[in-house]
Amino acid sequence: MSSKNNHQLKKVLIICAKGSIEDIYASLVLANGAVMEGIEAKLFFTFFGLDAISKKRMKKIHTATVGNPSLTMPGGIPFPTFLGILPGVEAGVSAMMKKQMEKLDIPPVDEFLDMITAGGGEVYACKMATDMFKMKKEDLTEHVKDIITVGDFYGLASGEGTQIIFT
Amino acid sequence: MATKTIDGHQVEVNDEGYMLNPEQWNKNIAVEIAKEEGIDLSDKHFTIIDYIREKILSGEALSLRRIGKSGVVDIKEFYQLFPGAPLKKATKIAGVPKPESCV
């Protein structure tokens, strides 16, 4: 397909608004992958996505065992919802997910943020969401460059070859 | 597949310029490929290139994370030494295939 605007991708702005393992990792993998390709990357965490950059919560992210129709047990059997409500099951499933990811060389959240920022990627927190959750800059990991408004965020999107990705 | 003359040698490369036969590689070829990428190779670059060749030629998968944990270079310095796309550039200069890793 030919297009007049055949601009190469130069910059991505990635919005992470959800706080489960898979949602946070989708954003982190995209951001790190961009930086590795020499594409400028800016991550914007909002709502429950803030868990990824919260000092208190970043090491405690989970995947949902209730209301998650894609979740299966080893062997591909659908994961029964009534099991998911039992204490410790969600933590166990989440630990298993993290173990599988470690095998594929996918780092924990804080190390992933280290990698992204080492390559020049930038991390931002949403002003409205931090206000809502009563969070301050000191509650967030040192990777966070700034707490910004939606308007500031759009301001970062200038330039040819920029895309905004909502994961 | 194509052949390309680098430093007076005929080497086989793919359409992205990655060498197909690591045996054809030598340090002078590395210097020439690096020049095309706008990099002047230092001893530090060669330490990293040697590490990459050793790992890849022994069949290990390499990722940015592994290189960061290698003790040879940290990720920040790796980005500084091979600006832009470090893993892609370093493997290209090292005469090995581009790693198929997402991390």
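Tutor: Helices (H or I, at least four residues) and strands (E, at least two) are DSSP runs, numbered from the N terminus. The model is predicted, so that local features need pLDDT of at least 70 and side-chain atom pairs count only at pLDDT 80 or more, whereas totals for chains, interfaces and linings use all residues. Residues are numbered from 1 along each chain as its sequence is written, chains are lettered from A and ligands numbered from 1 in the order in which they are written, and side-chain values use heavy atoms, with hydrogens and water left out.

Student: In which loop of chain A is the place of A:Leu86?

Tutor: A:Leu86 is partly exposed, with a relative accessible area of 41%; buried means under 20%, exposed over 50%, and partly exposed in between (1.4 Å probe, protein chains only). Its C-alpha atom and that of A:Lys98, 12 residues along the chain, are separated by 20 Å. The loop that holds A:Leu86 lies between helix H2 (81–84) and helix H3 (89–103) of chain A.

Student: What pattern does chain A follow along the sequence?

Tutor: Chain A contains six helices and five strands. Read along the sequence, their pattern is β-α-β-α-α-α-β-α-β-α-β.

Student: What percentage of the residues of chain A count as buried?

Tutor: The C-alpha trace of chain A spans about 50 × 45 × 25 Å along its principal axes. With contact meaning heavy atoms within 4.5 Å, residues 24 or more positions apart account for 71% of the contacts in this chain with a separation of 6 or more. Of its 167 residues, the buried share is 44%.

Student: Is helix H4 of chain A mostly covered or mostly uncovered, and how many of its 10 residues are buried?

Tutor: What covers the buried residues of H4(A) includes helix H1 (21–36), strand E2 (40–45) and strand E3 (122–126) of chain A, together with helix H3 (64–68) and helix H4 (75–81) of chain B. Among the buried residues are A:Val109, A:Glu111 and A:Phe112. H4(A) is followed by A:Gly120, whose phi is positive, near 95°. The helix, residues 109–118, is mostly covered, and its buried residues number seven.

Student: Which residues is A:Met36 in contact with, leaving aside its neighbours within four places in sequence?

Tutor: A:Met36 lies in helix H1 of chain A and counts as buried at 7% relative accessibility. The C-alpha atoms of A:Met36 and A:Gly121, 85 residues apart along the chain, are separated by 9.8 Å. Apart from those sequence neighbours, A:Met36 is in contact with B:Leu64, B:Tyr79, B:Gly84, B:Ala85, B:Pro86, B:Leu87, B:Cys102 and B:Val103.

Student: Why is the pair of A:Phe153 and A:Tyr154 described as it is?

Tutor: Rings of Phe, Tyr and Trp (its six-membered ring) pair if their centres lie within 6.5 Å; planes under 30 degrees apart count as stacked, over 60 as edge-to-face and the rest as tilted. The structure holds five aromatic pairs over all chains. In one of them, the centres of the A:Phe153 and A:Tyr154 rings are 5.8 Å apart and their planes are at 50°, so the pair is tilted.

Student: Which residues do ring pairs link into a cluster?

Tutor: A:Phe153 counts as buried at 3% relative accessibility, whereas A:Tyr154 is exposed, with a relative accessible area of 53%. The cluster linked by ring pairs consists of A:Phe44, A:Phe153 and A:Tyr154.
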